[in-house]
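Here are my notes on this one, jotted down while going through it. Have it open next to you as you read.

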Amino acid sequence: MPKSTISKKTAQRKVHKKIIHANEINTASVRMYCMGTGDCFIVKFGNDESDVFTMMIDCGSCSGGPKEFEPYVKNLADYVNKKIDLLIVTHEHNDHVNGFAKCASIFKQFEIKEAWFGWTENTEDPNGYAQKLKNKQGKMKLALNNAICEIKKRNKTLEKSNLDSYQKNIFLKSSEALMNGLDTLELINVSDGDKKGEELPGMLAIKKILKDKKVKIRYLNPGDIITIPGIPSLKFYILGPPTDRNYIFKDGKLGADVYKKNFELYNSSLAAEAFLNLSKDSLNYKDLPFASYYLVEQNDREVRSQINSYKGPKNEWRKIDNNWLNNAGSLELRINSHINNTSLAFAVEFDKTKEVMLFPGDAEYGSWESWHNIEKWKNKGKDGKHLVEDLLNRTIFYKVGHHLSYNGTALEKGISMMTNSELFSMATLDRNRIAKNWKSTMPNKYLLQELIQKCDGKLIIMDEFEIKNGPSEILDPKTLGENIYETDQFNNGNTIYKQYNLHINQ
Amino acid sequence: MKIFKQNSAALKPPPFRKLRGYAFDPSLSLKHDTASINNIVYKISWENVGIGPVGEYLEVIDYDPTINQFYLPVDLDAKYILAQDGLDPSESNPQFHQQMVYAVAMTTIKNFEKGLGRKILWSPRRVSDQKIYEEYVSQLRIYPHALREANAFYSPVKKALLFGYFSSTPADETILMPDSLVFTCLSHDIVAHETTHAILDGMHNYYNEPTNADVLAFHEAFADIVALFQHFTFPEVLRHQIAKTRGNLGLQNLLGQLAQQFGTAIGDYGSLRDAIGDIDVVTKQWKPLIPDPNDYRTIMEPHKRGSILVAAVFEAFLSIYKNRITDLLRIASDGTGILQQGELHPDLINRLASEAAKTASHALNMCIRALDYCPPVDITFGDYLRAIITADADLVEDDVLNYRLAFIDAFRRRGIYPDGIKTLSIESLCYPLLNIGNATDADGNTIELDENSSQKLDPETNQLMGIINGFLREYSDKIKYINDREQIYTLTKKYISGYHDETTQILGLHNRINVKFNASLDFSLITGLAFFENFNSLGVRQSTRYGGPSFEIQNLRVVSKVGPKNTQINQVVFSILQRCGVTFENGAFKEFYIPPLSTSQGKQESAPEGSFEFRGGCTLIFDLDTLKLKYAISKPLIDKNSLLGNNKNRSPKINIKRLEAQYKYLNDENNFGINEYVQYFGTGLHSLTEPFAFLHQH
């Protein structure tokens, strides 16, 4: 059970004896629940008198079942008194949504006023764009799953084969590495059991809860600017997911070299087609690259020598039956990046001070770049800048994208533009509880150092386990004082949450 | 038929088999201005080929694992095919694809053999049986349709080239139909590039192991260099492009570009790589490349880093070419050197083209010859520059056209400086001449004692070196007359590992070195390897066979060439490699361990946590005419400073500088992140299983 958390605000509020309008907002407390690498945030906007508006963003983690999730979610339920004014679900990855399924019974008791998703989740859109995308994703996920099953099956055959152990060890080692990588990303992207092609259970669960409760849902497009009725002092700017298909599929580490990855899902389509055919018994003639008369017939005597040369036991080590399956890795990376780019990315602006909080979900480079090209925001920022650049300039809080990986934060079009000296960041990374192969990419140490420098050490990481030169070496957040930084633990010593209390300058 | 048979003894086989194919790739056949030059006839040295085609060097097997089907193999000897120089270039006929890969790969192989002056061998297959150790591989396998992705690679484990096909997503839909199939095996550049990977692997097996940022980049760059210069061997293409650029090959032209269709197909505007310029992202206009010395320090991704080397070599080529045509331009412009507007005279084009072809062939040969002067492991671009300069200075005494300066200048402009030299001049770039050897002839008689030897070694080492040299001359005499590649391999192996039957007895080179140098600090100093008693304490394994320190001998070969002024070199070259096990803890070197047998690769259990194998190596070049050790090009395992002096009690230390640099490289996540695919699905940088497959993932 959590230790009782008496709000430190209460004490502090008594100091200010100013008359405050009921819905005025000059504080925002951002609470990051620490249930493992993955996002779950409660942001309470308010003033020195009371909380005005509660926002929840995502609920997921790379690791843990219902039992592990429950204490956190219960704490969360207490904290918000089971009332959420605005629920935002950024994108369909397990580390952002699986909590909704694992603790569905708790969330069912919540009173949720409104929920927001990116346009990519609007399957009832008459234009059918989102549905088309979902279908494509589903097909790709099925193909991927087919490939993964086949890889595992063939790995077993390989283990039993009587190949010379020198080659065999090499093949086994690489197939093991491949499977590890596939499992890591499958964990984030694909449903369990026989529902491989379907939406993730967390997404299905929260959508069902919202539907049952008849909660008002908005699907948002980049360029939307939203104010909540009754709370004129907050402005929400929707940045992503991009509507231009060129961006939603785009990854990109800048550079002229075309070896930069191209994340058009379609690029894997030819391989995906073959993966899908793996589960069929007969040859799919539609899927041949050449006219079928070029195929060798079973009884073709003349070409027997070639077939024997390929299939003969002496040449077993030179067979290439499995190499093409490695493409499952590329396909999986594409699906992963693509879904990251469907993140609902948004900025919240405090009307009074024009200061900004930035929540990009897990948007990757392609999405970040697209924000700067939102047509109607051209020249709308200070000094004729694009509004997005201006928003980034004014950012004082940044939820770090994609758990501190290189992909999750754009450099020139992102972090470089965050020039405000007040910048404070939070990153949802915990190397104790993380998908296995994410360890090699998170944190990206250059991004980490850049952020530490930008924030003067005011970067809160869920858990700094195994992180060298972490921000706390520069600045111990506890020294900021309890009215700025709070944290609490379970009896077993595990951190429940880390919280940043933001006070708007007046 | 009878008449034909009777005469057949008198009939010589033709010198060439002519095969039609694309000079670049299918996309250029669709553009009006290049269609005419894209279809060319490859002239391949005649050999008997079976269906596939299957020849002496290559075995094309068209099995498509993605649909579990074989495509009909082509019979190049079929009457109609022979009669019309092979099948018509066609994207939709897999048999033409087989013909194309065969033609391009054979052209590449022959260009190499010309440059090297000897037959090429594929890298042998390693086996787990320690006694057999490795097996001869006669043919490289080519699978034209092995993958469904925008990728093609050489597999060192399978000794095979795997080519992929994919559906395109072009940035420019006027050049390539969207969703059309693109076959990587139809691109001259890609086939030549991958074949070069295989050839290089046959010469320098450990260049697959990324021990510094340059190693994989070198593999990529070298493969690109070969593919690029091969463009200059197609006369029609060359003349066309010279006419188009009015002789200025520094302008945008097809010769300096690689893989047009591939580049367009994966959604960019230009070719995959361009040695002299690139397409501006914003303006979509081609612009020449300006060398930036910072690139070499900051760019780590192997292809991009390789491009720096390619650009350097190409610039050297361009300045030599410009130098060679100044007189022609003056003649053609009444002495002004400035050509008139309008098209060039066809005669001038022919002359310029011939100069360009000659220069390209010289530059390519310089690049290929240099391979014999490279260290066997851990190569850097700087080492390669030294190899180019040394090799060229060895063969061409009088560099009247300043070829060597052109190379040095081009490298310097890109900030590529070799390690450990004080000035950037030809003299200091050349590897130091050793002239070690108390030489003896084949019968063991002393020939002379060299007083001017640059290194003062103890007389014993000098004498032993002489004996080794005599042995090498014997090897060279035997191998000279053998043409069959398998016999070359077998005999060489006998000379390395030793052999005996009723009639012959060969005490192998491996054994000789072990017996003679197992406790020679001087030999350790020359090679930078552990040839002293307490080798065990530095993590070097004991040889199961000979008892001394374990080492590997690679690539024993005879190098004989004739230079332009009839300078002749006769050398025997081989490399010695040694490894030791090292363990790091918290970023610092902790201790040594004895690594497991090399044949048990892949098994993890015996290596401790945080450990890797650290390799040193040395290429020894013996001059057969003077019977001296001429060069020792070393990547030392041992700190050479700890071996200096004459004291018998010198205590050798590990080369900690190299070791730490390697550790830093292997553990820098930015390097590990060659691409995202490697991060997720790789087996770690120090044991990449399919290095080239991973490199090209996107």
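Predicted model: local features only at pLDDT ≥ 70, side-chain atom pairs only at ≥ 80, totals over all residues.

1. In chain A, 8 strands make up an open sheet with mixed pairing, ordered E6-E5-E4-E3-E2-E1-E15-E14. The edges belong to E6 (216-220) and E14 (485-489) of chain A; each has a single partner strand, so one side of each has no neighbour in the sheet. From one strand to the next, the twist averages 20 degrees.

2. Inside that sheet, look at E3 (residues 51-57) and E4 (residues 83-88) of chain A, which pair in the parallel sense over 3 bridges. A:Met55 sits opposite A:Leu86 in E4(A).

3. What lies across these strands? Helix H2 (residues 66-80) of chain A lies across E1 (27-33), E2 (41-46), E3, E4 and E15 (495-503) of chain A, and runs at about 10 degrees to E2(A).

4. Next, helix H9 (residues 269-277) of chain A. Its buried residues include A:Leu270, A:Ala274 and A:Phe275. The buried residues of H9(A) pack against H5 (129-160) and H11 (327-340) of chain A, together with strand E10 (160-167) of chain B.

5. The largest nonpolar core has 318 residues, and those with the most contacts inside it include B:Phe218, B:Val313 and B:Phe407. Helix H10 (residues 302-332) of chain B gives the most to this core, with 14 residues. Domain 1 (16-427) and domain 2 (433-650) of chain B both contribute residues, so the core lies between them.

6. Which residues does B:Phe407 touch, leaving aside those up to four places away in sequence? They are B:Ala316, B:Leu385, B:Ile388 and B:Ile389.

Notes: Residues numbered from 1 in each chain as written. Chains lettered and ligands numbered in written order. Pairing = 2+ DSSP bridges. Helix = DSSP H or I, 4+ residues; strand = E, 2+ residues; numbered from the N terminus. Axes fitted to C-alpha atoms, helices over the stretch in contact; angles between N-to-C directions. Contact = placed C-beta atoms within 7 Å. Buried ≥ 20, exposed ≤ 12 C-beta atoms within 10 Å, placed from the backbone. Core = buried A, V, L, I, M, F, W, Y, C linked by C-beta atoms within 7 Å. Domains from an automatic or database assignment.
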